[in-house]
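Good morning. I will take a few minutes to walk through one structure, from the whole chain down to the ligand.

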Amino acid sequence: MIYLSPPQVHPDDQVAVLAAMASGWLAPVGPALDAFEAELGIVTGQHVVALSSGTAAIHLGLKALGVGPGDLVLVPTLTFAASLNPILYLGAQPIMIDADPETGNVSLQDLSDCLAQLARIGRLPKAIIVVDLFGMPAPTQVIRDLVRDLYDGQIKILEDAAEALGSYSHGNSSITGPTPDNYPVGHFADITVWSFNGNKIISTSGGGALGAHDLAIVGQVRKWATQSKEPVSWYEHQEIGYNYRMSNVLAALGSSQLTRLKDLVLIRQQIYDRYAEAFAPNGIVGQSEPSDVVSNRWLPVFRLPLAHSVVLSLCATLATDGIECRSVWKPMHQQPYLQGVVNQQVSLIGLQQWPNSDHWFRHAICLPTGPSLSLQDQQFVIDRVLTMVNTVV
Ligand SMILES: Cc1ncc(COP(=O)(O)O)c(C=O)c1O
């Protein structure tokens, strides 16, 4: 089977994990964890705490931004459920925003319309979750400036960069003055979250991290994630805590993988480019990359000129050929468990529609990528997709 995004396990990774085990520091903390956090800090330009998952990082990130019961949090509807669920863990209310038709990231128009509408009814959100979909950097700088200029910086931004380690933006010179150099994703957010689960660009088998420029936020999250233990010689807890730290052994795996980040990104970008070049003449269009950003192309996403039912049967046929293929995220507003949340949103701000996200779901698919995908397998994927599309069209 040619899988979508299998992890790469390098011999160096095995050496690193065995060394961490031999050191006796199994869990919960240890020198490999400190080292991984410091290395991630250098790569991302932020203070970092490594956690048990990206989901845990979003949970504590929202809590650190002050999100609590009854607060509103804006979130793209076209994303993985883990972007939204932590809003509900905290008793807050998600407000789902449509996607941009070209990038799949949050639609700036819909976001600013929604903010204006919420301002009119006096219910500004506490936070906005911005997702870098399939690794494509979202326009976080524009959103930050919008929030700063129109809403006095009262609304905080959490960037869900679970899929986007290694992606960056050049910054938007029309807003900040001279074009600055590259900014790793998350630079313009109050808090950034990454995931290192098994299918991500680097993997710690399961794991994630939270970053912020504000050291106090990271310190607070580190404490919450370590059962909110007070620094005294007995077990003292002044507030509720969580068991969300990454283990020392997994951090050693993360450090080892992180040394290869640039190569791992390059491989995925090259695979995306190969697909894109082969597909373009057939009207199969990739996820657009705005000129001011560079995507790690974590997963190659393509929009097919076919009806939804045909897209689904194409994926099923690819599976029988041994090629894993998935539709892009089914939008959150279509998820059965969130129909109550949709109704709440409708009663707050009226009839809602998310046509671009629906369109992405109906017509776009994710194809295999990753460091173990041979040129031969890439060509096999291309040939099978083109054969099927040309048979139908
Ligand atoms: C966009 C997005 N957000 C959040 C997560 C959650 O990360 P994790 O699986 O590490 O909890 C993922 C990964 O699966 C993701 O793709």
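I will cover the overall fold, then the domains, then the core, then the ligand.

First, a caution: this is a predicted model.

Start with the whole chain. The protein chain contains 14 helices and 14 strands. Its C-alpha trace spans about 70 × 60 × 45 Å along the principal axes. How does the radius of gyration of the protein chain agree with that of a compact globule? For 393 residues, such a globule would come out near 21 Å, and the chain has 21 Å, so the two agree. As for contacts with a separation of 6 or more, 74% of them join residues 24 or more positions apart.

Next, the domains. The chain is divided into domain 1, residues 11-260, and domain 2, residues 262-392. Taken over C-alpha atoms, their centres are separated by 24 Å. The contact between them draws 37 residues from domain 1 and 32 residues from domain 2. On the domain 1 side, the elements that give two or more residues are helix H4, strand S3 (93-97), helix H5 (108-120) and strand S6 (168-169). S3 gives the most to that side, with four residues. By type, the domain 1 side divides into 18 nonpolar, 13 polar and six charged residues.

In soluble globular proteins, nonpolar side chains tend to be buried together. Here the largest nonpolar core has 117 residues, and those that touch the most other members are Ala50, Leu51, Val73, Ala127, Leu158 and Leu210. Take Ala127 as one example. Leaving aside neighbours within four places in sequence, Ala127 is in contact with Leu62, Leu65, Val67, Val73, Ile155, Lys156, Ile157 and Leu158.

Last, the ligand. How many residues surround the ligand? There are 14, and the closest are Ser53, Gly54, Thr55, Ala162 and Ser195. Helix H3 (54-64) and helix H4 (81-89) each supply at least two residues of this shell. The shell divides into four nonpolar, eight polar and two charged residues.

That is the end of the walk-through.

Methods
Residues are numbered from 1 along each chain as its sequence is written. This is a predicted model: local features need pLDDT of at least 70, side-chain atom pairs count only at pLDDT 80 or more; totals for chains, interfaces and linings use all residues. A residue is near a molecule or strand if its C-beta atom, placed from the backbone, lies within 6 Å of it. Ala, Val, Leu, Ile, Met, Phe, Trp, Tyr, Cys and Pro count as nonpolar, Asp, Glu, Lys and Arg as charged, and the others, Gly among them, as polar. The radius of gyration is taken over C-alpha atoms; the globule rule is 2.2 Å times the number of residues to the power 0.38. Two residues are in contact if their C-beta atoms, placed from the backbone, lie within 7 Å. A nonpolar core is a set of buried Ala, Val, Leu, Ile, Met, Phe, Trp, Tyr and Cys residues joined through C-beta atoms within 7 Å. A residue is buried if 20 or more other C-beta atoms lie within 10 Å of its own, exposed if 12 or fewer, and partly exposed in between; C-beta atoms are placed from the backbone. Domain bounds come from an automatic or database domain assignment.
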